[in-house]
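Here are my notes on the model, as numbered points. Please read them with the coordinates open.

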Amino acid sequence: MLFVQDVEIDEEVDVIISEWMSYMLLYESMLGSVINARDRWLKLGGLILPSSATLYMAPVTHTDRYSDSVDFWRNVYGIDSEFSTW
């Protein structure tokens, strides 16, 4: 596997095309690699594609998911941590 940090080129480029977005845009933490490539090789006035993204979010309650993720820690292996989870 080749990473952008391992690539060496001797000239600046006009365009960087990258597939860095995952679900929730930043989940795979690839934005740093795109910024690294931009700072190393993109000419002044160059273009990064895609160049923007929009993240829409809405508050929701999913009681089963909450219970699986959070309530589990209230009593782990018989140790009641009710007062330590504040």
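How far apart are the mean positions of the positive and negative charges of the protein chain?

1. The mean positions of the 5 positive and 14 negative charges are 4 Å apart. Lys and Arg count as positive, Asp and Glu as negative; His and the chain ends are not counted. Each charge is placed at NZ of Lys, CZ of Arg, CG of Asp or CD of Glu.

2. Ground rules. This is a predicted model, in which local features need pLDDT of at least 70 and side-chain atom pairs count only at pLDDT 80 or more, while totals for chains, interfaces and linings use all residues. Residues are numbered from 1 along each chain as its sequence is written, and side-chain values use heavy atoms, with hydrogens and water left out.

3. Fold elements. The protein chain has 2 helices and 4 strands. Their order from the N terminus is β-α-β-α-β-β. The radius of gyration is 21 Å, well over the 12 Å that the globule rule gives for 86 residues, so the chain is more spread out than a compact globule. That radius is taken over C-alpha atoms; the globule rule is 2.2 Å times the number of residues to the power 0.38. Helices (H or I, at least four residues) and strands (E, at least two) are DSSP runs, numbered from the N terminus.

4. Extent and surface. The C-alpha trace spans about 60 × 30 × 25 Å along its principal axes. Of the 86 residues, 14% count as buried. Buried means under 20% relative accessible area, exposed over 50%, and partly exposed in between (1.4 Å probe, protein chains only).

5. Contact range. Take contacts between residues at least 6 apart in sequence: 68% of them join residues at least 24 apart. Contact means heavy atoms within 4.5 Å.

6. Salt bridges. The whole structure holds 3. The criterion is a side-chain nitrogen of Lys or Arg within 4 Å of a carboxyl oxygen of Asp or Glu.

7. Glutamate 8 to arginine 40. These side chains form a salt bridge at 3.3 Å, N to O. Glutamate 8 sits in the segment before β1 (13-17) and arginine 40 in helix α1 (residues 31-41), 32 residues apart. Glutamate 8 is exposed, at 64% relative accessible area. Arginine 40 is partly exposed, at 30%.

8. Aspartate 14 to lysine 43. The closest N and O atoms of this salt bridge are 3.4 Å apart. Aspartate 14 lies in strand β1 and lysine 43 in strand β2 (residues 42-49), so the pair ties together parts 29 residues apart in sequence. Lysine 43 is partly exposed, at 35%.

9. Arginine 38 to aspartate 39. Here the closest N and O atoms are 2.9 Å apart. Arginine 38 is partly exposed, with 37% relative accessible area, whereas aspartate 39 is exposed, with 55%.

10. Aspartate 10. This residue is in the segment before β1. Aspartate 10 counts as exposed, at 85% relative accessibility. Aspartate 10 and tryptophan 41 are 31 residues apart in sequence; C-alpha to C-alpha, they are 8.5 Å apart in space.

11. Cis peptide. The bond from leucine 49 to proline 50 is cis, with omega near -5°. Proline 50 is in the loop between β2 and α2 (63-69).
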